[in-house]
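Please keep the sequence and the model in view while reading.

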Amino acid sequence: MTRPGTVVSVLSTPPPGFAPTDTGVWFAAGLCDQGRSDMPTLIQSIDDFNTYLGGRQTYSVMYDAIETFFREGGATCYVARVVGPAAAKAAHNLLDASAGISLVVNAIGPGAYGNSLKVQVLNGVVSGYQVQVLDSNNNVLENSGDLQLQTDAVNWSQYSKYVRITLGASALVPAVAAAALLSGGNDDRGNITDAQWLAALNLFTKDMGPGQVSAPGRTTDVGHTQLCDHAAANNRCAVLDLPDTPTLATLETSATNAGSTSHGQYGAAFTPWVVVPGIVAGTT
């Protein structure tokens, strides 16, 4: 029998971890203006969406869907950004004093949004150099603080919200340089196919736990099949979008096709589409 007082136990291995169990988590794949496309982005407010994924776009319903999710009481959403097969990250080379490429700065994700980011190199306050990331109006978004080695910039960028930095061919640190725009960014969304949608869904790995999975605005039969298959393989429930139409026959056909797939029992569809308030007062 343990005596009263504090008992200290020393374990040779850490206790086992536990898988997430919150079934209220939403996994949403779709088109966004910015952000990473190689891993899901955790969103816990609409402000997070604006910061990491770029706000509302006319070509996507993602903002409206996620804003409604939080307004209705949702707490945690993971977003997988869908981009085209030739999507590219905006980039800019930082040169050393001899015009060699010291560092390569890339936007954190593909897309034209990266072409509005700027990067500059300043002398360090005490010694070395500093890297700054700016917006198109020259507002400083991030400052590295004093750096000494090239690898210091690489390591600092791993925590940046905007860029990632890699080593260039030169072994010298970057020279002081005025703010310059990154270039070459493109999301190639015009060439998105079913393969890119599936790749985005696959970013929601099983170890992320249960929840609902959707592709807001994607109303195709193939899209519904992919969602139901994903839900079956990952212990989730697929919430499907039916076509935005009042024609009953079209809605019934879409729902019937989704239900007849091998994992249709993992999906649910509802109609009509919800009308939500727009960003501007009086609009929807």
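What volume does the largest pocket have? The largest pocket has a volume of about 870 Å³, a volume being the space filled by probe spheres set on grid points that are joined across faces, edges and corners.

## Basis of the model

This is a predicted model, in which local features need pLDDT of at least 70 and side-chain atom pairs count only at pLDDT 80 or more, while totals for chains, interfaces and linings use all residues. Residues are numbered from 1 along each chain as its sequence is written, and side-chain values use heavy atoms, with hydrogens and water left out.

## The largest pocket

A pocket is an open set of points on a 1 Å grid over the protein atoms alone, where a 1.4 Å probe fits and protein lies on both sides within 12 Å along at least five of seven lines; lining residues have an atom within 4 Å of a point. The lining of the largest pocket comprises 29 residues, and Ala-65, Thr-68, Asp-241, Val-274 and Val-276 lie nearest its centre.

Helix H2 (62-71), strand S11 (212-214) and strand S12 (237-241) each contribute at least two lining residues, with H2 giving the largest share, four residues. Helices (H or I, at least four residues) and strands (E, at least two) are DSSP runs numbered from the N terminus. By class, the lining holds 16 nonpolar, eight polar and five charged residues, where Ala, Val, Leu, Ile, Met, Phe, Trp, Tyr, Cys and Pro count as nonpolar, Asp, Glu, Lys and Arg as charged, and the others, Gly among them, as polar.

## The second largest pocket

The second largest pocket has a volume of about 240 Å³, and the residues that line it include Arg-36, Tyr-52, Lys-161 and Arg-164. Its lining divides into five nonpolar, three polar and three charged residues.

## Strand pairing around S6

Strand S6 (residues 118-123) runs antiparallel to strand S7 (residues 129-134), to which six bridges join it; two strands pair if DSSP finds at least two bridges between them. Gln-120 stands opposite Gln-132 in S7, and the two strands form a hairpin with five residues between them, where Gly-128 in the turn has a positive phi of about 75 degrees.

S6 also pairs with strand S10 (residues 177-181) in the antiparallel sense, over three bridges, and here Lys-118 stands opposite Leu-181.

## The chain as a whole

The secondary structure of the chain comes to six helices and 13 strands, and its C-alpha atoms fill a box of roughly 70 × 70 × 40 Å along the principal axes.
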